[in-house]
Amino acid sequence: RIMQDEFMTPELQRSYQPLCTVRTLAAEIPAGTKLEQYRRSLDLATGIAETSFVADGAKYRCRMFASAADQVVVARWEIEGDRTLTAKTEVLREVLAKGDIEHNDGSDGSYTLQYGIAINGEHAGVRYASATGVRPDANGKGYTVVIAGATDFMRFLKPTIRLADPKVTALNVVRSAIARPIGDLIERHLATYREAMSRVSLEIGTGSQDEASSKPTDVRLDEF
């Protein structure tokens with residue numbers, strides 16, 4: 001009842017739409033290349049999702065997490081071996097009303113700014129913006145992607161409130177985050193994540209913690 005009264009009123013729940021789709025790609029992998037040793041995992045202790053695979057003899061790894069400390073989603077691509085990795089992203093949205101997508105390359109990285117109005121029936125629509133920043137490593141062995149979003153939704157609840165342009169807000173958040181090394185981004189994320197999530201624990205499977213952690217999910221579920 002509290003959720004319905006306080007958080008599920010028509011004014012609060014009617015305007016949810018996907019902000020954008022961001023694709024992070026490995027430009028060196030041709031379409032149709034067979035992926036081997038494909039593995040996906042989620043570490044509940046760190047809140048970091050990881051995908052790894054081998055393509056054409058090279059091992060790729062992508063780690064992703066949502067950072068409360070920096071207010072961004074982070075994707076980190078890395079490659080092992082003698083090859084280098086070219087940063088490539090795509091920013092998409094199915095419906096882009098009264099907006100545009102802008103690209104900008106700077107000395108501190110490349111940025112994609114997408115903005116518009118979220119049309120929803122007769123509602124005037126909120127202004128929104130997503131900013132995506134990409135920063136490749138100097139040695140070509142990896143690159144970091146950070147994504148932030150902003151809206152002016154609060155002005156419909158409090159007409160007297162003054163809000164910054166969502167484009168400015170999203171871009172400033174991304175510029176601040178992309179300036180940090182990936183190690184700093186992870187440490188800042190872990191500090192805030194563990195403070196909240198370390199209050200509970202979850203053990204799946206039988207046996208010692210080390211034994212259970214080495215088993216794939218389907219085996220753990222069978223033993224649960």
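Reader: How far does α5 reach from its first C-alpha to its last?
Author: This is a predicted model, so every value here is computed from it. Helix α5 has 16 residues. At 1.5 Å a residue, a span of 22 Å is expected. The reach in the model is close to that, at 22 Å.

Reader: Which residues of α5 are buried?
Author: A helix has 3.6 residues a turn, so residues three or four places apart point the same way. Look for that spacing in the list for α5. The buried residues are Ile-182, Leu-185, Ile-186, His-189, Leu-190 and Tyr-193.

Reader: Which elements do the buried residues of α5 pack against?
Author: Both strands and a helix are involved. The helix is α4. The strands are β3, β4 (58–67), β5 and β10.

Reader: Which residues of the largest nonpolar core touch the most other members?
Author: That core has 20 residues. Elements that give two or more residues to it are β5 (72–80), β8 (109–120), β9 (123–136), β10 (142–151), α4 (166–178) and α5 (182–197). The residues that touch the most other members are Phe-65, Val-72, Val-74, Val-146, Val-174, Leu-185 and Ile-186.

Reader: Is Ala-177 buried or exposed?
Author: Ala-177 is found in helix α4. Its relative accessibility is 1%. Buried means under 20%, so Ala-177 counts as buried.

Reader: What is the C-alpha separation of Ala-177 and Val-72?
Author: The two residues are 105 residues apart along the chain. Even so, Ala-177 is in contact with Val-72, and also with Asp-70, Val-146 and Leu-185. The C-alpha atoms of Ala-177 and Val-72 are separated by 7.5 Å.

Reader: What kind of aromatic pair do Phe-53 and Tyr-60 form?
Author: A search of the whole structure finds three aromatic pairs, and this is one of them. The centres are 5.4 Å apart, with 20° between the planes. Planes under 30 degrees apart count as stacked, so the pair is stacked.

Reader: What kind of pair do the rings of Phe-53 and Trp-77 form?
Author: The pair links distant parts of the chain, with Phe-53 in strand β3 (residues 48–55) and Trp-77 in strand β5. The centres are 6.1 Å apart and the planes stand at 75°. Over 60 degrees counts as edge-to-face, so this pair is edge-to-face.

Reader: Which residues form the aromatic cluster?
Author: Phe-53 is buried at 7% relative accessible area. Tyr-60 is buried too, at 1%, and so is Trp-77, at 9%. The cluster is formed by Tyr-38, Phe-53, Tyr-60 and Trp-77.

Reader: Which residue lies over the face of Tyr-111?
Author: Begin with another ring. Lys-167 lies over the face of Tyr-115, at 4.2 Å from the ring centre. For Tyr-111 the distance is 4.3 Å, and the residue is Arg-175.

Reader: Is Thr-21 buried, exposed or partly exposed?
Author: Thr-21 is in strand β1 (residues 21–26). Its relative accessible area is 41%. Buried means under 20% and exposed over 50%, so Thr-21 is partly exposed.

Reader: How far apart in space are Thr-21 and Glu-90, C-alpha to C-alpha?
Author: In sequence they are 69 residues apart. Thr-21 touches Glu-90, along with Val-91 and Leu-92. From C-alpha to C-alpha the distance is 8.0 Å.

Reader: How far apart in space are Val-134 and Ala-87, C-alpha to C-alpha?
Author: Val-134 is in strand β9 and counts as buried, at 6% relative accessibility. Its contacts include Ala-87, Thr-89, Tyr-143 and Ile-178. Val-134 and Ala-87 are 47 residues apart in sequence, yet their distance in space is 7.4 Å.

How values were computed
Residues are numbered from 1 along each chain as its sequence is written. This is a predicted model: local features need pLDDT of at least 70, side-chain atom pairs count only at pLDDT 80 or more; totals for chains, interfaces and linings use all residues. Side-chain values use heavy atoms; hydrogens and water are left out. A nonpolar core is a set of buried Ala, Val, Leu, Ile, Met, Phe, Trp, Tyr and Cys residues joined through side-chain atoms within 4.5 Å. Buried means under 20% relative accessible area, exposed over 50%, partly exposed in between (1.4 Å probe, protein chains only). Helices (H or I, at least four residues) and strands (E, at least two) are DSSP runs, numbered from the N terminus. Rings of Phe, Tyr and Trp (its six-membered ring) pair if their centres lie within 6.5 Å; planes under 30 degrees apart count as stacked, over 60 as edge-to-face and the rest as tilted. A charge sits over a ring if NZ of Lys or CZ of Arg is within 6 Å of the ring centre and within 35 degrees of the ring normal. Contact means heavy atoms within 4.5 Å. The expected span of a helix is 1.5 Å times one less than its number of residues.
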